[in-house]
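Dear colleague,

Please find the structure below, together with its sequence. A short account of the findings follows it.

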Amino acid sequence: MAYAADTVPPPPPQGSDILNGQVNLNSQSTTLNTNILNVSGDVSGQAVTGGNVLSVVTMQNANVTNNQYVSGVVVSSKVNADIQNVGGGASLVSQAICNSADVSTDPTTTNVYSNQECDAKDPSAQMNANLKNIGGDVSLATTAVANTFSEDSNAANAAVQNYQVNKAGTFATSNTTITNAGGDVSVSATAIGNNAQIVHYSTTP
């Protein structure tokens, strides 16, 4: 006569199922107006606008599904700055992004599906800055991006599907005057429709 031995069911698989759906049908606008005079240290300021933003960080197996959509709206940022007599450095940022997603995983297996559509009137970023007598470095960055996606993982099995559609005009404008800077000067204006960066680390010694 045979008897069935008691069995213990295996534990459920450990991991994360992440479903993100973002729809933006309203305008976002940020304006920074600043006048700064006679500062002994550093000066920094930023105007940042985003339609849809996702950030995912996991330390386990993950299935990530991301859908982001912006329609018919304004996504804009503007910096108006007059800065004089600063002992340290000066840093200003104007940034407008329609859809942004960042996924970072540290598992054995990961699957990522991302779909982004920017159907806004714009993303637009503008910088109007007058800087005078700055003791240190000067950094002025103006960035407008419709869709941006980044993913990094050291998973042995990592499947990524990324889809990006941009139907919006993308504008970055920088109007700057800089006089008497004691350090390095960096001024940039960047407009990007679709941007993707995928980094997979080797799991072999």
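A salt bridge is taken here as a side-chain nitrogen of Lys or Arg within 4 Å of a carboxyl oxygen of Asp or Glu. A search of the whole structure finds one. This is a predicted model, in which local features need pLDDT of at least 70, side-chain atom pairs count only at pLDDT 80 or more, and totals for chains, interfaces and linings use all residues. Residues are numbered from 1 along each chain as its sequence is written, and side-chain values use heavy atoms, with hydrogens and water left out.

The salt bridge joins Glu117 to Lys167, with 3.0 Å between the closest N and O atoms. Because Glu117 lies in strand 7 and Lys167 in the loop between strand 10 and strand 11 (171-181), the pair ties together parts that are 50 residues apart in sequence. Strands are DSSP runs (E, at least two residues), numbered from the N terminus. Lys167 is exposed, at 52% relative accessible area (buried means under 20%, exposed over 50%, partly exposed in between; 1.4 Å probe, protein chains only).

There is also one aromatic pair (ring centres of Phe, Tyr or Trp, the latter by its six-membered ring, within 6.5 Å; planes under 30 degrees apart are stacked, over 60 edge-to-face, the rest tilted). The rings of Tyr113 and Tyr163 have centres 5.7 Å apart and planes at 50°, so the pair is tilted. Tyr113 belongs to strand 7 (residues 109-119) and Tyr163 to strand 10 (residues 157-166). Tyr113 is partly exposed at 28%, and Tyr163 is partly exposed at 40%.

Finally, Ser100 in strand 6 (residues 90-105) is buried, at 17% relative accessibility.

With kind regards

Definitions and conventions:
Helices (H or I, at least four residues) and strands (E, at least two) are DSSP runs, numbered from the N terminus.
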